[in-house]
Amino acid sequence: MNTLYMKIHAFEEQSYSLIVSFASDTTKSQNPDDYTRYAFQPMNMWPDINDPAEIKKRIAVAGVYHAEQQEREEKFIADAAKVQSYKDIVGQETTYSVIDLIPPASTESTIPEVLTQTV
């Protein structure tokens, strides 16, 4: 991704949120209107930032992630075999032992011992 496209659609009065969508040069469409809208609350996320240009930049940084997610989703949808593999597991029941999912905690400490000096 080299270019992020961002559109601020609205300001939500009740939650003081900016409603924003994103696209990129690697998404199917470069038009942010074609993608999911997200709410950002600058007063909670960046309470010390008062400059609108800096707020936009902070939102754009988050937008890189959202545009990457959109690209991944588009690639997933285009892969019919992968989509079918997800559909194929619907209705299946599976049982796991918890120990197979979450290994027991080690009894050895991972915190290094602290050396102390007596003065």
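Glu71 and Lys75 both belong to helix H2 and are four residues apart, about one turn of the helix; helices (H or I, at least four residues) and strands (E, at least two) are DSSP runs, numbered from the N terminus. The two residues form a salt bridge whose closest N and O atoms are 3.3 Å apart, the term denoting a side-chain nitrogen of Lys or Arg within 4 Å of a carboxyl oxygen of Asp or Glu. Glu71 counts as buried because its relative accessibility is 18%, whereas Lys75, at 54%, counts as exposed. Buried means under 20% relative accessible area, exposed over 50%, and partly exposed in between (1.4 Å probe, protein chains only).

The model is predicted: local features need pLDDT of at least 70, side-chain atom pairs count only at pLDDT 80 or more, and totals for chains, interfaces and linings use all residues. Residues are numbered from 1 along each chain as its sequence is written, and side-chain values use heavy atoms, with hydrogens and water left out.

Helix H2 also holds Arg58 and Glu54, four residues apart, which form a salt bridge with closest N and O atoms 2.9 Å apart. Arg58 is partly exposed at 31% relative accessible area, and Glu54 is likewise partly exposed at 26%.

## Geometry of helix H2

Helix H2 comprises the 27 residues 52-78, which at 1.5 Å a residue should span 39 Å; its end C-alpha atoms are 38 Å apart, in agreement. The expected span is 1.5 Å times one less than the number of residues. A kink of about 30° is centred on Ala62, the bend being the angle between axes fitted to the seven residues ending at a residue and the seven starting there. Among the buried residues of H2 are Ile55, Ile59, Gly63 and His66.

Strands E1 (residues 4-12) and E2 (residues 17-24) run antiparallel and are joined by eight bridges; two strands pair if DSSP finds at least two bridges between them. Met6 has Phe22 in E2 as its bridge partner. The two strands form a hairpin with four residues between them, and Tyr16 in the turn has a positive phi of about 55°.

The structure holds three salt bridges. One of them joins Lys7 to Asp33, with closest N and O atoms 3.1 Å apart. This pair links distant parts of the chain, Lys7 lying in strand E1 and Asp33 in the loop between E2 and strand E3 (37-40), 26 residues apart. Lys7 is partly exposed at 34% relative accessibility, as is Asp33 at 36%.
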